[in-house]
Amino acid sequence: MITAPVQRRTVLTLMLSSALGYFGFLSVAAVVGLLAAEMLGSDSLAGLPAAVETVGTAIAATPLALRSRRLGRRPALVLGYSVGVAGAVVSMIAGQQGFFWLLIVGMLAFGVSQTANLQSRFAAADLAGESETARSISLVVWVGTIGAILGPAAALWANRVGLRSGLNNWVGPFALGIVGVALAASVVQAWLRPDPLVVAGGVDGKAAPRNPLKDAVRSAKAIWPNQRARLAIIAMAVSHMAMVAVMVMTPLHMRDHGHADMSTLVVSVHVLGMFGLAPLIGGWADRYGRIHTVAFGAVILAAGTIAAVVAGYVPVLMFAGLFLLGLGWSFALIAGSALLSESLPIEERVPAQGLSDLAMNVLGAVAAGASGLVKDLAGYHWLANFATASAVLIVVAALGIARRRQALVID
């Protein structure tokens with residue numbers, strides 16, 4: 001079959017670009033809250049740059065999906081990474097010069113690199129057969145472990161080098177962000193050929209550019225009656241919101257207890273949970289079904305949030321809780337992505353994929369923006385309680401659809 005070698009090349013290329021992209025993205029994400037807190041002298045708005053970064057990811061989701069629909073995956077991904085590089089440069093200048101408003105602008109653009117990272121998983125599914133959709137997605141997610149773990153760990157080294165070179169505290173890691181994201185763009189441009197969406201017949205070169213907001217509304221109306229597609233978006237968006245709410249404030253929570261230097265290690269363990277077991281999760285989803293995999297992942301996510309706060313501040317439980325939090329997110333992302341890709345015809349699929357990433361990151365931005373205020377006013381444990389309640393919502397939605405489907409089969 002002619003698409004088999006193309007699919008193998010596509011997945012390998014996306015694995016490499018995702019590793020580099022996540023390395024660059026998480027080198028910055030691991031420290032931007034610490035940089036913001038130092039610039040402002042307060043934790044109340046320390047989550048704002050991360051929130052704006054997530055807004056950038058959300059804003060770009062539908063336009064990049066539409067670009068894929070018109071031109072293919074490669075032009076869309078390269079554009080996303082390129083905007084991210086520009087944002088990292090601006091953010092680095094802002095951190096060095098002490099311009100918080102400029103940091104906000106830079107992080108808005110830098111968030112677009114994460115849009116490219118996320119949409120890479122859908123590119124891996126364009127040519128995959130139904131029995132291997134989740135596995136193909138999971139391989140692209142999994143290889144991000146390499147960059148995602150090395151990024152936060154290397155951020156400490158980059159910060160020390162930056163301080164010795166005259167950079168302000170926590171500015172050095174932004175250089176890693178620039179390098180990683182730029183290399184990801186180069187890999188996609190050079191090697192994502194032929195374009196998988198073109199081969200799959202999902203590109204409409206005559207489609208005129210449309211209003212992204214109207215297109216998102218159109219996609220939402222098309223998706224809502226489809227229970228499986230609706231569950232996929234709910235699972236990915238709500239689990240992402242829950243994870244971000246806890247993750248963004250964890251470094252500051254640990255700093256409050258005298259363990260600031262351990263915070264990047266906790267982020268690395270959390271990221272290991274997000275990406276490290278992805279192939280196993282993909283295999284699980286292909287074997288046992290997407291809906292049950294989504295529900296199981298939500299249970300794991302809830303367990304992680306409970307572990308993070310149940311015994312007060314216990315460093316070992318922080319590591320365990322943040323690992324489980326990332327693992328639950330991984331279940332939702334992989335199974336939800338496969339479920340969404342399989343539930344819609346190809347002409348509706350790409351806009352719906354953009355909508356799913358839009359929903360994920362809008363909710364993530366709200367969670368990140370509010371997390372600092374919640375931590376200051378009510379305490380870190382309330383962020384974890386909110387995440388637990390979100391996980392329960394996913395379980396209820398998934399089991400409700402599973403029961404209805406079972407009833408239809410019996411009838």
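Mentor: Happy to! Helix 3 and helix 16 are roughly antiparallel to each other, because the angle between them, roughly 175°, lies over the cut-off of 145 degrees. Keep in mind that this is a predicted model. On the helix 3 side, the contact includes Ala50, Ala51, Thr54, Ala58 and Arg69. Helix 16 contributes, among others, Glu347, Val350, Gly354, Leu358 and Gly369. By residue type, the contact of helix 3 with helix 16 holds twelve nonpolar, eight polar and three charged residues.

Now let's turn to helix 13, residues 278-288. Ala278, Ile281, Gly282 and Ala285 are buried there. These four span an arc of only 100° around the axis, so they sit on the same side of helix 13. Exposed Leu280 and Arg287 are on the face turned away from that buried side. Just after the helix, glycine 289 has a positive phi of about 100°.

The structure holds eight aromatic pairs. In one of them, tryptophan 284 and phenylalanine 296 are stacked, with 5.2 Å centre to centre and 10° between the planes. That pair joins helix 13 to helix 14. Phenylalanine 296 is partly exposed, at 38% relative accessible area. Phenylalanine 296 also pairs edge-to-face with phenylalanine 331, at 5.5 Å and 75°. Phenylalanine 331 lies in helix 15, 35 residues apart from phenylalanine 296, and is buried, with a relative accessible area of 5%.

Technical notes. Residues are numbered from 1 along each chain as its sequence is written. This is a predicted model: local features need pLDDT of at least 70, side-chain atom pairs count only at pLDDT 80 or more; totals for chains, interfaces and linings use all residues. Side-chain values use heavy atoms; hydrogens and water are left out. Buried means under 20% relative accessible area, exposed over 50%, partly exposed in between (1.4 Å probe, protein chains only). Helices (H or I, at least four residues) and strands (E, at least two) are DSSP runs, numbered from the N terminus. The arc is that of the directions from the helix axis to the C-beta atoms. Axes are lines fitted to C-alpha atoms, for helices over the stretch in contact, and angles run from 0 to 180 degrees between N-to-C directions. Angles under 35 degrees count as roughly parallel, over 145 as roughly antiparallel, 65 to 115 as roughly perpendicular and the rest as oblique. Contact means heavy atoms within 4.5 Å. Ala, Val, Leu, Ile, Met, Phe, Trp, Tyr, Cys and Pro count as nonpolar, Asp, Glu, Lys and Arg as charged, and the others, Gly among them, as polar. Rings of Phe, Tyr and Trp (its six-membered ring) pair if their centres lie within 6.5 Å; planes under 30 degrees apart count as stacked, over 60 as edge-to-face and the rest as tilted.
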